[in-house]
Structures are given as C-alpha cells and as structure tokens.
Amino acid sequence: MTDDASAVPRVGAVTLDDVAREAGVSLATASRALNGSTRKVADSYRERVEAAAARLGYTANLSAQATARGTSAIIALLVADIADPYFGQIASGVARGADEAGLIVTVAITERDPEREVRLVRALRGQRPRGLILAASRSSSELSRELAAEIDLVSAAGGRVVALGADVPGVRTVTLDNRGGAEALGAALADRGYREGVVLAAAEGTITSDDRVAGFVAGFTAGGGTAPRILRGTFSRDSGHELMTQALSEGIAPGTVVFGISDVVAIGALAALRAAGRNVGGDVALAGFDDIPTGRDVSPALTTVRIPLEDVGYRAFRAATDADWTGESETLRLEVLLRESTPPRSATPSR
C-alpha cells in the first residue's frame with residue numbers, strides 16, 4: 001500500500017479545474033485550449049493542457065460548451081437510409097470535414113417520412129447543433145410548415161441549415177444537376193443504338209426521381225428512342241427487383257435498355273433479370289445513377305452517372321460551417337460512365 005494521493009482512485013468526473021491545476025495554468029487558459037475558443041493560446045500552454053487532460057481522462061462537457069457558445073460542437077446530418085451507399089458516401093464527406101474542424105457528426109435516419117423528419121429535427125435542436133444538413137430525398141422543394149418552423153428555431157439558436165440535392169428556399173443549398181446528368185445518359189444510350197426503354201423510378205412527386213426521369217426521357221427521345229415505359233416504386237434494391245419482375249411479366253423485348261433511377265435500384269433489377277434467365281448486356285441493357293462502388297464490381301459492370309458523393313457531403317459541411325459561404329461557385333460535374341452493361345446495339349448479340 002502507498003500513501004501517494006495520486007494512487008487513490010478519483011471519485012466523480014474530472015473537471016476543467018482539475019485539468020488546469022494539473023497543467024499549472026489558469027482555468028481560462030485551460031478552457032480556451034480545450035473548448036475551441038477563437039482566442040489564441042500559446043502552443044506550449046496548449047500542449048501542457050492537452051497532456052494534462054489526457055492523463056486525467058478529461059472529457060469536455062458538450063452541453064456546457066453549447067450554453068457558453070450558443071451552439072455545440074455537433075453537426076447533425078439527416079439521411080433517408082444509412083444502409084444506402086449513396087447516403088453512406090455523403091456521410092463520409094461530412095465526417096471528413098467535421099474531423100478537420102474538430103467537430104462531431106450525429107446521423108439521424110428519416111426513412112423518407114416527413115413527419116419523422118420533423119420529429120428528428122426537433123430532437124436534434126435540443127443538442128444545439130452548429131450545423132444541420134438535410135440530405136434525405138424530399139417530395140417537394142417547399143418545406144412543410146412544421147419543418148420550416150423547426151428549422152427557424154435551429155437558425156435562431158445559431159445553427160446553420162443546409163439542404164442537399166434540391167434548391168430549398170430560405171436555407172443554404174448544395175444542388176445537383178440530376179436532370180442534366182440523366183439527360184446526358186439517355187442521349188448516350190440512344191447514340192449507342194437503343195430505341196426501347198424502361199425506367200424504374202420512385203413515386204411521382206419525389207424531386208430527385210422526377211428530375212432523373214424527366215432528364216432521361218428527354219435525352220433518350222431526342223436521340224431517336226421511343227418514350228420509355230415508366231414503373232414507380234422507391235429508391236430501394238427490393239423495389240428495383242419488384243419493378244423489374246413486373247416489367248418482365250409484361251414483356252421486355254431483346255435490345256431494351258432499363259434505367260434504374262439509382263444504382264441500388266438497378267442492382268435489384270439486375271438480380272431479377274438473372275433470375276428470369278435474361279442476359280444483362282447481351283440481351284437487356286441496364287443503367288443506373290450515382291456510381292456507388294458496388295456498381296463497378298457487379299458483372300457486367302454497371303453503366304451509370306457519376307456523382308462525386310463524398311465531395312457533395314464535404315461541400316454540404318462547408319456550407320453548414322463557413323460564415324462567409326455565399327453559394328456554390330461551380331456546378332458539380334456529373335459524368336456519364338458507359339460500361340459493359342450497355343454495349344453498343346450494333347455489337348449486341350441476339351439472344
């Protein structure tokens with residue numbers, strides 16, 4: 001046994017006072033070093049404070065920081081489905097920005113339910129987030145009255161709100177040219193000789209889906225294709241499988257190109273085509289949108305439109321945190337990637 005007081009286990013949480021005494025600095029200096037103050041702390045003091053905090057196992061009180069600063073060190077991100085790689089890559093970009101800034105990302109899942117989105121924003125508002133990013137697909141560019149009221153309260157508390165994908169009046173937005181990308185894809189596939197098409201879409205009124213459908217139809221028909229058949233479901237893999245099964249039961253002629261409004265939807269369609277004994281690429285062509293990694297790994301590799309999703313997430317983070325952000329100065333480039341799932345029709349063998 002020893003009489004050394006330092007060997008006695010500490011009772012209760014370590015406080016900032018404890019850290020200041022351990023480091024031999026004032027409480028104010030310890031606070032500025034650890035709590036992200038804009039006031040400069042000499043490197044020698046900061047290093048002493050950080051080392052003392054590490055030795056004592058000190059954890060900052062986020063609620064106290066929020067009270068003192070008006071907002072916490074939290075960025076709140078709302079996505080529709082975290083299992084969807086589209087949202088996972090966006091979250092990765094947000095997390096990269098948060099790591100650079102020493103902030104924490106809280107992710108909430110809306111399941112594309114407007115009422116759930118309102119409840120989540122209300123709950124997250126209690127954390128006094130520094131930024132709130134709305135990344136979930138929405139059915140209207142106009143916010144509901146309830147959601148708009150919650151967003152106003154977040155803004156009033158000092159948090160910045162960003163909407164991703166659709167131009168939402170009254171909040172900062174990071175927009176994507178979904179229509180333009182889909183139009184370029186439709187034109188490229190018509191140029192490859194495809195004349196019959198099927199589109200697997202989400203419910204009418206969903207902005208992202210509607211933009212991609214309208215763009216694809218415009219590009220495909222302008223290039224010489226006939227107006228494609230449009231089937232509607234959701235953005236999920238299972239919806240792609242179900243809609244493709246339905247389309248097959250109604251009849252899919254050899255040489256038809258199928259466009260899933262996302263790569264996830266297209267991959268579901270790919271499974272249904274294989275289950276029906278159809279040869280993807282050699283019989284029925286298939287394309288998606290987003291360029292998730294899985295689309296490159298399936299066989300045949302999936303034709304798609306590339307969105308730099310991690311960059312989108314990072315830009316959304318900057319919009320949520322930069323005081324002098326004035327809007328995107330350039331449009332994010334969406335690139336058509338033609339792969340083995342849509343070979344030129346002149347080279348497509350008969351079934």
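Start with helix 10, which lies across strand 6 (197–202), strand 7 and strand 8. Its direction is about 145° to strand 7. For such angles, axes are lines fitted to C-alpha atoms, for helices over the stretch in contact, and the angles run from 0 to 180 degrees between N-to-C directions. Helices (H or I, at least four residues) and strands (E, at least two) are DSSP runs, numbered from the N terminus.

Some ground rules. This is a predicted model, where local features need pLDDT of at least 70 and side-chain atom pairs count only at pLDDT 80 or more, while totals for chains, interfaces and linings use all residues. Residues are numbered from 1 along each chain as its sequence is written, and side-chain values use heavy atoms, with hydrogens and water left out.

Four strands form an open sheet in the order 7-6-8-9, with parallel pairing. Strand 7 and strand 9 (285–287) are the edges, each pairing on one side only. On average, neighbouring strands here are turned by 20° against each other, direction ignored. Two strands pair if DSSP finds at least two bridges between them. Strand 8 (residues 257–260) and strand 9 have three bridges, in the parallel sense. Across that pairing, Val257 stands opposite Ala285.

What links helix 10 to strand 7 through side chains? A salt bridge joins Glu250 and Arg229, with the closest N and O atoms 2.9 Å apart. Glu250 lies in helix 10 (residues 237–250) and Arg229 in strand 7 (residues 229–233), so the pair ties together parts that are 21 residues apart in sequence. The cut-off: a side-chain nitrogen of Lys or Arg within 4 Å of a carboxyl oxygen of Asp or Glu. Glu250 is partly exposed at 46% relative accessible area. Arg229 is partly exposed too, at 29%. On these terms, buried means under 20% relative accessible area, exposed over 50%, partly exposed in between (1.4 Å probe, protein chains only).

Next pair. Asp238 and Arg237 meet in a salt bridge at 3.1 Å, N to O. Asp238 is partly exposed at 46%, and Arg237 is partly exposed at 37%. Elsewhere, salt bridges that share partners join Asp291, Arg296, Arg306 and Arg339 into one network.

Over to helix 1 (residues 16–23). Arg21 and Asp18 both lie there, three residues apart, about one turn of the helix. They form a salt bridge, with the closest N and O atoms 2.6 Å apart. Which partner is buried and which is exposed? Asp18 is buried, at 11%. Arg21 counts as exposed, at 61%. The whole structure has 16 salt bridges.

On to strand 4 (residues 160–165). Why call it largely enclosed? Five of its six residues are buried, so the rest of the structure largely encloses it. Strand 3 (residues 131–134) pairs with strand 4 in the parallel sense, over four bridges. In that pairing, Val162 of strand 4 is the bridge partner of Ile133. Strand 5 (residues 172–175) also runs parallel to strand 4, joined by four bridges. There, Gly165 stands opposite Thr175.

Now helix 8 (residues 178–191). What covers them? Just after helix 8, Gly193 takes a positive phi of about 105°.

Last, the whole chain. The secondary structure comes to 13 helices and 11 strands. Of the 351 residues, 49% count as buried. The chain exposes about 16,300 Å², and carbon and sulfur atoms supply 48% of that. Those areas come from the Shrake-Rupley method with a 1.4 Å probe; for residues, only the protein chains shown count as cover. Among contacts with a separation of 6 or more, residues 24 or more positions apart account for 75%. Contact means heavy atoms within 4.5 Å.
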